[in-house]
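Open the model in your viewer and get ready to select a few residues by name.

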Protein chains: 2
Amino acid sequence: MKKKIDLNQKILKSNEEYAARNREFFETNDKICLNMISSPGSGKTTILCRTISELSDRISIGVIEGDVESDYDAQRIKQTGGEVFQIETKGACHLSAAQVARALSNLPCEKLDAFVIENVGNLVCPSAFELGETAKIAVVSVAEGDDKPAKYPAIFAKSKAMIINKTDLLEAEGLSDFDIERVKKDARKLNKKIKIFEVSARTGQGMQNWYDWLCEQVKK
Amino acid sequence: MKKKIDLNQKILKSNEEYAARNREFFETNDKICLNMISSPGSGKTTILCRTISELSDRISIGVIEGDVESDYDAQRIKQTGGEVFQIETKGACHLSAAQVARALSNLPCEKLDAFVIENVGNLVCPSAFELGETAKIAVVSVAEGDDKPAKYPAIFAKSKAMIINKTDLLEAEGLSDFDIERVKKDARKLNKKIKIFEVSARTGQGMQNWYDWLCEQVKK
């Protein structure tokens, strides 16, 4: 058991070293980097596609796209005209700081204001691995139920903002029990400063507040 | 790097030993055990509550409830009259075979026909850890999008059955792009024998086929 703990510390230490280098890169070059974390299917890619497209005349966003397999999400980002680098983890459950460093060396960083890491769809593991990001952003879909902050607290405790997505589905009879106030209350219990956006990335509803906040984060 | 691989093998080996003991227990005692795996919020607990309640006069089901934190799901199972043992993983992203062994020693096994392990909500990690189960069951909600088998193939490749849940939401305008045939086709590409159930655990729609299949699995 002792050995396991030591090795975990070693792996985390190596990740921390890469994360520190990434962080230094962002700070030195006056860029921001958001690490977006959620369950599979919460709508991260749809949020990003709409954001890149709507903000194209205000800021330039590069995406580091993490998936267990496939490059479907990267293709969707490309179709919006966004810069993207795909990482297939081939089974691994989170992105590492070394993978982010590799993405940075392949993206046209000089012309980008902000980076968004779309982490592997997983509400547990990615929250434990620092990537050098400026901030973490938690995303939840209303279709996942209103108990996610209570059941998966780590990511909500560590995030600067939370996006509650797919609010257009709240009209459906099947979601009549969903209590959005519980989600917000539980998230704030873990993290009283967390900024909360209620959006439908599909319809665009509520996205303007997110755009304005994102542009404020970009140091220009 | 060599050291990491060796240690992973050791951890997996230890897990395999517990899994083998669990498997032997199920086989010797003529019980079945299903390991239910999905993203957070796909509706596993709702499926289980309805199943336990509807099948109460046909089979007796015990639930091994895995959560990162909280016992909300175990409380819901208890309210249906089901036998349940809660495991809080306190941050860990999957259940281990040792945890399942501990649950078995705390459940009234002699009066149960079937066990269902509700694994931690995570479409990646739990598929890599054998728990001694008779079969894995993958659950996806229609609100997660139709690309889950393509993007998270491991669990669909390894499962005996897949439950596509929340079909009542398909009427919502926001899910008009969801292609259920794509989900089924992609899952069958990975696993041509996979049994597929389309259900709404909330309304009960389609659940009868699942009940009948589950009862067939129980060796009586």
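Over all chains, a search of the whole structure turns up 10 aromatic pairs; rings of Phe, Tyr and Trp (its six-membered ring) pair if their centres lie within 6.5 Å, and planes under 30 degrees apart count as stacked, over 60 as edge-to-face and the rest as tilted. Before you click, note that this is a predicted model, where local features need pLDDT of at least 70, side-chain atom pairs count only at pLDDT 80 or more, and totals for chains, interfaces and linings use all residues. Residues are numbered from 1 along each chain as its sequence is written, chains are lettered from A and ligands numbered from 1 in the order in which they are written, and side-chain values use heavy atoms, leaving out hydrogens and water.

Now select A:Phe197 and A:Trp210: they make an edge-to-face pair, 5.8 Å centre to centre with 75° between the planes. A:Phe197 is buried, at 3% relative accessible area, and A:Trp210 is buried too, at 1% (buried means under 20% relative accessible area, exposed over 50%, partly exposed in between, with a 1.4 Å probe and protein chains only).

Next, pick A:Phe25, A:Phe26 and A:Phe115, which ring pairs link into a cluster.

Which ring does A:Arg182 lie over? Select B:Tyr72: A:Arg182 lies over its face, 5.0 Å from the ring centre. Likewise, B:Arg182 lies over the face of A:Tyr72, at 5.0 Å from the ring centre. (A charge sits over a ring if NZ of Lys or CZ of Arg is within 6 Å of the ring centre and within 35 degrees of the ring normal.)
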